[in-house]
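Hi everyone, thanks for making time today.

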Amino acid sequence: MVAALPDPITIVRRVGDIRLHTFISAFTQGNIANATHIVESENALVLVDGQFLAPYARQFRQYADRLGKPIDRIYLSHRHPDHWFGLASAFRDVPIYALQETIDFLTADGSTSLQDHWTMGTLAPDDIIIPQHVANAGDVDIDGVRYVLHKVTNTEIDFLLTLALPDYLVYIAQDLIYSGNHLYLTKYMNNWIGVLQDILHSDYEIFLPGHGFPTDKNGVADNIQYITVAMEAVGRGFSNEEFKKFMIGQFPEKKCPSIFNIYIPRLFDNASEF
Ligand SMILES: [Zn+2]
């Protein structure tokens, strides 16, 4: 018997004449609260990221289909498996956009990344899909909504696509921001803080993260505090289990501690990037 997956959580918020839908996989059973989003405008849907586990990807697709509007496209924010695996499970028929760097990585290493996750069994897709369209930084108009695409470098990942909706003060930040969960830390912590600091000085008010619930500037500031504490811990020589224990002790309210097991070998022991 395979244990049933916990139910996802969905949140809807109206902002002006659009609706933002956030679909969050579970916080429990080793899930890391993957948050994928839909911008619903008058005649179209724009999706951001494809979930990780195949059942959640299919449920996210069903949720989108129930809105009864065509999916214009899906943007993939970056190349971490918990964002793109689900694209192959449920979004093969949708135009997928990603940064050129993300497309290049998936073309070179996507199949190896999928093979590395063989223990997932049927929770992983059967095959990979490579985004067909390059998302270039700059403005895009989709169904009368202005999206500003940004290429953010050296934060939670080397290359991250974020989408701002300046007319709605909405910033789709994906893994620049973790909301309520432990962060996936990288060697870019110092630069990451600088990027978050700039965001705190921007006009944006609503932030859609890659993990956890939609948040506000307090949620962004909370990430700066978390990364600052982590940098101090590294500076004191903490690593591996000692580092994990320290961070959980400092942030006992944060959810999804299984993320430590994913990034610690990469941060401290140079394990492969995927
Ligand atoms: Zn992620």
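Strands here are DSSP runs of E with at least two residues, helices are runs of H or I with at least four, and both are numbered from the N terminus.

Before going further, a word on the source: this is a predicted model, where local features need pLDDT of at least 70, side-chain atom pairs count only at pLDDT 80 or more, and totals for chains, interfaces and linings use all residues. Residues are numbered from 1 along each chain as its sequence is written, and side-chain values use heavy atoms, with hydrogens and water left out.

Seven strands form an open sheet in the order 1-2-3-4-5-6-7, with mixed pairing. Its edge strands are strand 1 (9-15) and strand 7 (133-134), each pairing on one side only.

Another open sheet has five strands, in the order 8-9-10-11-12, and its pairing is mixed. At its edges are strand 8 (138-142) and strand 12, each pairing on one side only. Inside this sheet, strand 9 (residues 145-153) and strand 10 (residues 159-165) pair in the antiparallel sense over six bridges. His150 stands opposite Thr162 in strand 10.

Strand 11 (residues 170-179) and strand 12 run parallel, joined by six bridges. Here Tyr178 stands opposite His211 in strand 12.

Keep His211 in mind. Which residues coordinate the zinc ion? They are Asp82 (OD), His83 (NE2), Asp175 (OD) and His211 (NE2), at 2.1 to 2.5 Å. Donors are N, O and S atoms within 2.8 Å of the metal (3.2 Å for Na, K and Ca), and water is not among the atoms, so sites may look incomplete. Along the chain, the donors follow the spacing D-H-x91-D-x35-H. Asp82 in helix 2 (residues 81-90) and His211 in strand 12 are 129 residues apart, so this pair links distant parts of the chain.

Are Asp82 and His211 buried or exposed? Both are buried, meaning under 20% relative accessible area, whereas exposed is over 50% and partly exposed lies in between (1.4 Å probe, protein chains only). Strand 12, residues 206-212, is mostly covered too, with seven of its seven residues buried.

Methods. Pairing = 2+ DSSP bridges.
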